[in-house]
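Subject: Structure handover and notes

Dear colleague,

I am passing on the structure below, together with my notes on what was found in it. Please read the notes with the structure open beside them.

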Amino acid sequence: PVLLGCSSAQPGGCPALCECSEPAKTVKCVNRNLTAVPPDLPPYVRSLFITGNPLTDLPAGAFPAQRLPDLASLNLSGNHLQTVGAGSLALPALRQLDLSGNALVSFSPQAFGEGGSPLEELALRGALRNHGVLLSLAALLQSGALRNLTRLELADNGLVLLPAGMFTALPALRQLDLSNNSLVGLRNVSFQGLGQLQSLNLSDNSLGVLWNSTLAQFRSLPVLRHIVLGHNTWVCDCAIEDLVAWLKESDQVEGKEALTCASPDKMLGKALLKINGSDLNCSVPTDLPSQLQTSYVFLGIVLALIGAIFLLVLYLNRKGIKKWMHNIRDACRDHMEGYHYRYEINADPRLTNLSSNSDV
């Protein structure tokens with residue numbers, strides 16, 4: 001304690017509410033009721049822990065790059081962070097960042113500055129409950145500012161769908177953790193740009209099926225060897241045939257023997273690897289929605305052609321149709337004139353019978 005007190009009085013010493021180790025280049029400000037980043041962090045720090053504090057905002061310049069040129073690992077987990085401002089994380093040596101356990105509301109796409117960042121590991125477990133923050137993060141990733149990122153953790157965020165093209169500008173990514181969310185599908189997710197991806201965790205989601213387009217992407221990734229799919233709600237109907245075939249031939253899925261059906265009831269608990277065609281009894285196409293859409297388009301074209309032919313026939317026979325209409329009009333007129341003539345001769349035949357048969 002005496003040494004800490006002495007060092008805090010010197011330039012570049014330890015902030016009053018933190019614990020510092022200059023030999024280890026580490027500063028820890030844990031559960032110290034901090035509401036702002038200490039302004040007097042020592043310039044030697046490489047690993048900084050500011051966790052468990054009521055810290056709500058990271059404004060621009062919260063970590064001055066000139067004062068902290070060697071800061072490589074920054075742990076801000078378990079605070080009350082809501083806003084990450086532009087330029088707040090523009091550190092020239094930053095390699096690891098942990099923002100897990102914060103209720104982020106605003107995440108600036110320019111948080112790491114105007115140029116690219118050297119960041120390699122980003123943890124956001126439980127920090128993306130706000131949909132607007134997810135969109136901001138997607139814009140940040142798509143901008144190419146984090147092209148050096150090798151590990152991205154997005155677990156435990158309640159994600160249902162991912163923004164399209166979210167991972168297309170991460171060529172160095174090796175580990176992607178999407179576990180413990182509520183993902184229902186991956187059709188709009190592109191993995192094509194992830195040529196270095198080695199590990200993909202999709203466990204504990206709500207996936208019912210993986211379509212051929214997604215499976216084809218998995219096959220095309222040259223070093224992807226660890227895919228985790230456990231604890232999903234697999235729907236074992238005809239649409240799952242492609243997934244089952246891929247599981248049987250692929251060596252990319254860890255623990256695939258434990259994958260089981262969640263529905264329908266007759267298939268509940270059955271291992272996906274033990275499913276065969278007779279179990280599914282597929283009598284309708286597996287991709288029924290797309291076939292229905294094609295049928296509707298074809299039906300529309302046929303109806304349009306019939307309508308065009310009908311109008312063409314009417315146009316070509318317009319004189320005959322006009323003559324036919326005139327004939328109908330004349331026949332109707334003659335018929336009505338006959339009724340009129342008979343009425344004038346004998347307005348009411350009943351009166352004639354009455355006059356001829358009665359004594360007046």
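Two strands are taken to pair if DSSP finds at least two bridges between them, and the elements themselves are DSSP runs numbered from the N terminus, with helices being H or I runs of at least four residues and strands being E runs of at least two. This is a predicted model, in which local features need pLDDT of at least 70 and side-chain atom pairs count only at pLDDT 80 or more, while totals for chains, interfaces and linings use all residues. Residues are numbered from 1 along each chain as its sequence is written, and side-chain values use heavy atoms, with hydrogens and water left out.

The sheets

An open sheet of 11 strands runs in the order β1-β2-β3-β5-β7-β9-β10-β11-β12-β13-β15, and its pairing is mixed. Its edges are formed by β1 (19–21) and β15 (253–254), each of which has a single partner strand, so one side of each is left without a neighbour in the sheet. Within this order, strand β5 (residues 73–75) pairs with β7 in the parallel sense over three bridges, and Ser73 has Gln96 in β7 as its bridge partner.

There is also an open sheet of three strands, ordered β4-β6-β8 with parallel pairing. Here β4 (57–58) and β8 are the edge strands, each with a single partner, so one side of each lacks a neighbour in the sheet. The parallel pairing of β4 with strand β6 (residues 83–84) rests on two bridges, and Leu58 stands opposite Val84 in β6.

A buried helix position

Ala138 belongs to helix α2 (residues 131–142) and, at 3% relative accessibility, counts as buried. Leaving out residues up to four places away in sequence, Ala138 touches Pro163 and Met166. Ala138 and Met166 are 28 residues apart in sequence, yet their C-alpha atoms are 5.1 Å apart in space.

Salt bridges

Side chains of opposite charge can pair when their charged atoms come close. A search of the whole structure finds eight salt bridges (a side-chain nitrogen of Lys or Arg within 4 Å of a carboxyl oxygen of Asp or Glu).

One of them joins the side chains of Glu120 and Arg95, at 3.7 Å from N to O. Glu120 lies in the loop between β8 and β9 and Arg95 in the loop between β6 and β7 (96–98), so the pair ties together parts that are 25 residues apart in sequence. Glu120 is partly exposed at 34% relative accessible area, and Arg95 is partly exposed at 33%.

Another links the side chains of Glu249 and Arg219, at 3.4 Å from N to O. Glu249 is in helix α4 (residues 241–249) and Arg219 in helix α3 (residues 212–220), so this pair ties together parts that are 30 residues apart in sequence. Glu249 is exposed, with a relative accessible area of 57%, whereas Arg219 is partly exposed at 43%.

Salt bridges that share partners also join Arg125, Arg151, Glu153 and Asp177 into one network. Within it, the closest N and O atoms of Arg151 and Glu153 are 3.1 Å apart; Arg151 is partly exposed at 29% relative accessible area, while Glu153 is buried at 9%.

A nonpolar patch

Phe310, Leu311, Leu314, Ile321, Trp324, Met325 and Ile328 make a nonpolar surface patch of about 690 Å². Patches are made of residues with over 30% relative accessible area and no salt bridge, like charges being joined within 9 Å and nonpolar side chains (Val, Leu, Ile, Met, Phe, Trp, Tyr) within 5 Å; accessible areas come from the Shrake-Rupley method with a 1.4 Å probe, and for residues only the protein chains shown count as cover. Helices α6 (288–316) and α7 (318–345) each supply at least two of the patch residues, and the largest share, four residues, comes from α7. Trp324 is found in α7 and is exposed, with a relative accessible area of 53%.

With best regards

Methods: Buried means under 20% relative accessible area, exposed over 50%, partly exposed in between (1.4 Å probe, protein chains only). Contact means heavy atoms within 4.5 Å.
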